[in-house]
Amino acid sequence: MTPKVGIIANPISARDIRRVVASANSVQIADRANIVQRALAALSACGIEEAMMMPERGGIASHLLRSMERSSNQGEARFPRLGFLDMKVTGTVEDTRTAARMMASAGDVAAIIVLGGDGTHRAVVSECGTVPIAGISTGTNNAFPEHREPTITGLATGLAAMGRVPPEIAFAANKKIEVSIDGGAPEIALVDVAVVTDRFIGARALWRPETFRELYVAFADPEVIGMAAIAGLVEPVTRAEAGGLAVTLAPAGRGAMEVRAPIAPGLIETIGLESWRRMPAGTVHRPSLAAGSIALDGERELFFDPHQDVAITLIDRAFRTVDVSAVMRFAARQKLLVGGLAVARPLENAHP
């Protein structure tokens, strides 16, 4: 069975309050369509003949199809066949979850390319099962998807999907954090879980540091934007390491120490710190805050009262991603994208 690659492009990522309070750009619909187009061209170059895409109302598909039609009319064969999932479009995150679930159950989707921020990737991971994903950053806080030219992401995904790279090299295991209240079905986070004092329903995104109290991260990276940056500036923990980090926070001026962290693009705030400790996989953590709300990957999703039991647990090796760097290094060593080796050889002792 010829492998397909799925594409889930969120047309409304990067539209929260952090766009107002921070110096964050917004990826326009035409730009998102161009990103998909570049990834599709790379997939085709690797031998992928068909891609399956999530339908949406934002206009990505119409921009994309016009560009592909112009290319076809000019006699070019740059893209794979593109189909769309037969699903109802609601314009909500449920579209992403439904698309990921359909792609996972199709049986012939070898990988899913995702355009969005941390929230979009979290929604895909909640339903994609064992199908690996490849992330492209188009959200507000993009701590989980690595910043990389989409053409390279497409090449790596295509090579991995076609089986030209051994799976132990092509795919990386990733951590997630599960949060359950009173033993209910867990919600997940791919990067961080923050416990905050806010209990009113308003803007979901986190941007008021005086409300931050506890932070649990799957990885702590000083090079990312968002809550994970706080932990990363204290004690870095890589994506490949087992376990994560738990940090106790306080309002600025009230903690044992302070850190200035980029919690949103262009928004660097002073955060009070009380303590931090490693967060082993499988160990249940419970917030010390009696009541408040819980943000998953930067967006408040859950609310809890004093009588409720909140359990926070990190899970190692929870899902897979395409390891773009590893794939491209393997492709270079094995000359997977190089032709004419019968005559092409490295130059030895060459002089200008």
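# Buried, paired and enclosed residues

Biologist: Why does Asp182 count as partly exposed?

Modeller: Asp182 has a relative accessibility of 45%, and the label follows from the cut-offs, because buried means under 20% relative accessible area, exposed means over 50%, and partly exposed is whatever lies in between, with a 1.4 Å probe and protein chains only. The value of 45% therefore makes Asp182 partly exposed. The model is a predicted one, in which local features need pLDDT of at least 70 and side-chain atom pairs count only at pLDDT 80 or more, while totals for chains, interfaces and linings use all residues. Residues are numbered from 1 along each chain as its sequence is written, and side-chain values use heavy atoms, with hydrogens and water left out.

Biologist: Where is Asp182 found, and what makes its phi worth a remark?

Modeller: Asp182 is found in the loop between S6 and strand S7 (187–189), where helices (H or I, at least four residues) and strands (E, at least two) are DSSP runs numbered from the N terminus. The phi of Asp182 is near 55°, a positive value in a residue other than glycine. Most residues other than glycine have a negative phi, which is why such a value is pointed out. Arg317, in strand S16, also has a positive phi, near 50°, and at 70% relative accessibility Arg317 counts as exposed.

Biologist: How do you know that Thr313 counts as buried, and what is Thr313 in contact with?

Modeller: Thr313 has 13% relative accessibility, and therefore counts as buried. Thr313 lies in strand S16, which covers residues 310–322. With neighbours within four places in sequence left aside, Thr313 is in contact (heavy atoms within 4.5 Å) with Lys176, Ile177, Glu178, Met279, Gly282, Thr283 and Val284.

Biologist: What makes the buried residues of H9 line one face of the helix?

Modeller: The buried residues of helix H9 (residues 324–334) are Val324, Ala326, Val327, Phe330 and Ala331. Seen down the axis of H9, these residues fall within an arc of 165°, so they line one face of the helix; the arc is that of the directions from the helix axis to the C-beta atoms. What covers them includes helix H6 (150–161), helix H7 (167–170) and S16. Leu159, in helix H6, is buried with a relative accessible area of 0%. Not counting residues up to four places away in sequence, Leu159 touches Cys46, Arg164, Val165, Val327, Met328, Ala331 and Leu337.

Biologist: Why is the pair of Phe144 and Phe319 called tilted?

Modeller: The rule for rings of Phe, Tyr and Trp (its six-membered ring) is that they pair if their centres lie within 6.5 Å, with planes under 30 degrees apart counting as stacked, over 60 as edge-to-face and the rest as tilted. By this rule the count comes to one aromatic pair. The rings of Phe144 and Phe319 have centres 5.8 Å apart and planes at 45°, so the pair is tilted. Phe144 lies in the loop between S5 and H6 and Phe319 in strand S16, so the pair ties together parts that are 175 residues apart in sequence. Both Phe144 and Phe319 are buried.

Biologist: Which residues line the largest cavity, and what makes such a space a cavity?

Modeller: On a 1 Å grid over the protein atoms alone, a cavity is a set of points where a 1.4 Å probe fits but cannot get out, a pocket is an open set with protein on both sides within 12 Å along at least five of seven lines, and lining residues have an atom within 4 Å of a point. The largest cavity is lined by Phe144, Ala173, Asn174, Lys175, Leu190, Phe219 and Arg239, and about 50 Å³ of space lies in it. One of these lining residues, Lys175, lies in strand S6 and at 6% relative accessibility counts as buried.

Biologist: Which residues are the closest to the centre of the second largest pocket?

Modeller: About 410 Å³ of space lies in the second largest pocket. Of the 23 residues that line this pocket, the closest to its centre are Glu146, Ala172, Asn174, Arg239 and Thr321. The elements that give two or more residues to this lining are strand S5 (133–137), strand S6 (171–181), S16 and H9.

Definitions and conventions. Points joined across faces, edges and corners; volume = space filled by probe spheres on them.
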